[in-house]
Amino acid sequence: MVFARIVGTVVSTNKEPKLVGKKLLLVQPVEPTGQAKGAPLVAVDSVGAGEGEFVLLVQGSSARQTGMTEGTPVDCTIVAIVDTVEQGGKAVFEKAKDHAGR
Amino acid sequence: MVFARIVGTVVSTNKEPKLVGKKLLLVQPVEPTGQAKGAPLVAVDSVGAGEGEFVLLVQGSSARQTGMTEGTPVDCTIVAIVDTVEQGGKAVFEKAKDHAGR
Amino acid sequence: MVFARIVGTVVSTNKEPKLVGKKLLLVQPVEPTGQAKGAPLVAVDSVGAGEGEFVLLVQGSSARQTGMTEGTPVDCTIVAIVDTVEQGGKAVFEKAKDHAGR
Amino acid sequence: MVFARIVGTVVSTNKEPKLVGKKLLLVQPVEPTGQAKGAPLVAVDSVGAGEGEFVLLVQGSSARQTGMTEGTPVDCTIVAIVDTVEQGGKAVFEKAKDHAGR
Amino acid sequence: MVFARIVGTVVSTNKEPKLVGKKLLLVQPVEPTGQAKGAPLVAVDSVGAGEGEFVLLVQGSSARQTGMTEGTPVDCTIVAIVDTVEQGGKAVFEKAKDHAGR
């Protein structure tokens with residue numbers, strides 16, 4: 001899984017039937033410290049995450065292993081809202097102190 | 001999923017039997033703002049998209065999770081025509097104002 | 001799917017039993033205009049393509065969705081011989097005028 | 001599979017139900033000689049590895065082929081703790097002499 | 001599939017139960033002409049290949065389509081020992097004349 005920041009939303013009225021009713025979020029993959037990495041992706045959310053939140057993305061066929069995405073043409077799903085990331089004994093991300101992207 | 005612009009078509013008379021009758025579109029992956037990213041790909045369309053349109057691509061095994069592509073040797077499928085992309089509270093793409101690629 | 005040019009063959013007498021009898025082709029991924037892109041790959045052919053031909057490759061689990069490759073350890077399959085590629089209203093590749101790689 | 005060093009932990013109270021009870025580890029992919037390669041990932045552990053350890057990661061759908069991860073939205077799993085890596089006849093990594101990252 | 005040279009071995013006593021008894025080989029992906037390409041990977045061998053040999057790797061879910069790897073957390077498998085690679089009508093690799101890596 002990789003870290004991402006939710007940075008926006010995507011609206012589509014003409015989409016594959018299995019995607020109807022699924023919210024499409026614009027997500028920016030980031031390093032654990034929050035720095036952007038590569039181009040934004042579009043993900044389906046399985047945990048009720050909101051814009052600005054720091055989350056974990058699962059990709060490929062594993063993105064279809066949630067109740068929200070099973071059997072759907074989705075290759076990128078948000079599976080966790082991150083509370084803390086600890087690296088080498090110190091917190092490099094803490095949701096309680098996070099104000100980025102809001 | 002990633003954004004792409006439909007930029008052309010591919011014709012093949014000698015193709016795997018399961019691909020017969022499927023339209024092959026040339027798609028250019030792009031950033032949400034429309035800038036090209038990497039080389040063009042060939043995708044099957046599941047939503048009736050046309051040349052010039054701004055769409056979402058799903059890749060890998062998830063590309064086979066549409067009625068159009070199930071059980072076929074397809075690893076890239078168009079699953080949505082994008083109406084709007086909103087990033088940080090402002091629209092970075094609006095189909096109504098889009099004239100690129102036409 | 002991505003475009004490729006068939007540039008050679010690979011011979012192996014000691015291979016996984018499921019690969020016995022399958023021709024292994026050396027393929028060079030290319031841009032629609034024919035420019036090489038990345039390193040050559042080895043693909044199994046499902047359409048009777050020959051050296052020099054301009055083809056479409058499918059990769060990953062979708063490479064196993066042909067009669068030739070089902071249930072085999074193959075992650076790259078040739079699924080179409082390209083006749084024409086049209087981009088922005090003009091032909092960027094035409095098999096009838098193609099003499100590259102021959 | 002690729003080599004990685006376990007460099008931290010990720011805590012999430014709001015995650016997909018199938019991830020509840022699974023420890024999420026921050027892992028840094030590395031070369032066999034230990035040099036970092038690319039951005040850190042988040043993996044689920046199937047072998048009881050601890051921070052600082054040198055491990056093997058399996059990715060994609062194969063990451064779900066362990067008792068710990070079957071049927072879950074996980075695309076990166078730790079499947080082995082490395083004892084030794086021998087390259088060209090000499091040991092380039094030995095757990096017994098390893099003190100990095102601790 | 002991609003070409004690789006077997007360059008070493010990996011030993012792990014603490015590994016996922018399904019990996020017990022499987023030899024883990026260190027493989028260096030290479031171009032058809034033998035030049036290294038990217039970082040070494042760890043693969044399971046399905047054809048009895050030995051150190052120094054020039055082989056074909058299959059990756060992703062297709063790596064599990066051999067008798068040796070079915071249902072296991074393996075994403076990279078050696079499926080063929082290469083005898084010859086012919087490109088543009090001439091041999092760019094011949095096992096009989098190969099002494100690299102030994």
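## Basis of the description

Two strands are taken to pair if DSSP finds at least two bridges between them. Strands themselves are DSSP runs of E with at least two residues, numbered from the N terminus. This is a predicted model, in which local features need pLDDT of at least 70 and side-chain atom pairs count only at pLDDT 80 or more, while totals for chains, interfaces and linings use all residues. Residues are numbered from 1 along each chain as its sequence is written, and chains are lettered from A and ligands numbered from 1 in the order in which they are written.

## Strand β4 of chain E

In chain E, β4 (residues 41-45) pairs with β6 (residues 76-81) in the parallel sense over two bridges. Within this pairing, E:Asp45 has E:Ile78 of β6(E) as its bridge partner. Strand β3 (residues 24-30) of chain E is joined to β4(E) by four bridges, and these two strands run antiparallel. Here E:Leu26 is partnered by E:Val42 of β4(E).

Five of the five residues of β4(E) are buried, so the strand is largely enclosed by the rest of the structure. A residue counts as buried if 20 or more other C-beta atoms, placed from the backbone, lie within 10 Å of its own. In a regular strand the side chains alternate between the two faces of the sheet. Both faces of β4(E) are covered, with E:Leu41, E:Ala43 and E:Asp45 buried on one side and E:Val42 and E:Val44 buried on the other.

## Contact between chains D and A

Chain D and chain A each bring 27 residues to their contact, where two residues are in contact if their C-beta atoms, placed from the backbone, lie within 7 Å. On the chain D side, β1 (2-11), β2 (14-15) and β4 (41-45) each supply at least two residues. The largest share, five residues, comes from β1(D). By class, this side of chain D has 13 nonpolar residues (Ala, Val, Leu, Ile, Met, Phe, Trp, Tyr, Cys and Pro), nine polar and five charged (Asp, Glu, Lys and Arg), the others, Gly among them, being polar.

Strand pairing also crosses between the chains: β6 (residues 76-81) of chain A and β2(D) run antiparallel and are joined by two bridges. A:Ile81 has D:Asn14 in β2(D) as its bridge partner.

## Relation of the two copies

The copies use different surfaces, as 11% of the contact residues of chain D recur in chain A.

Terms used:
Buried ≥ 20, exposed ≤ 12 C-beta atoms within 10 Å, placed from the backbone.
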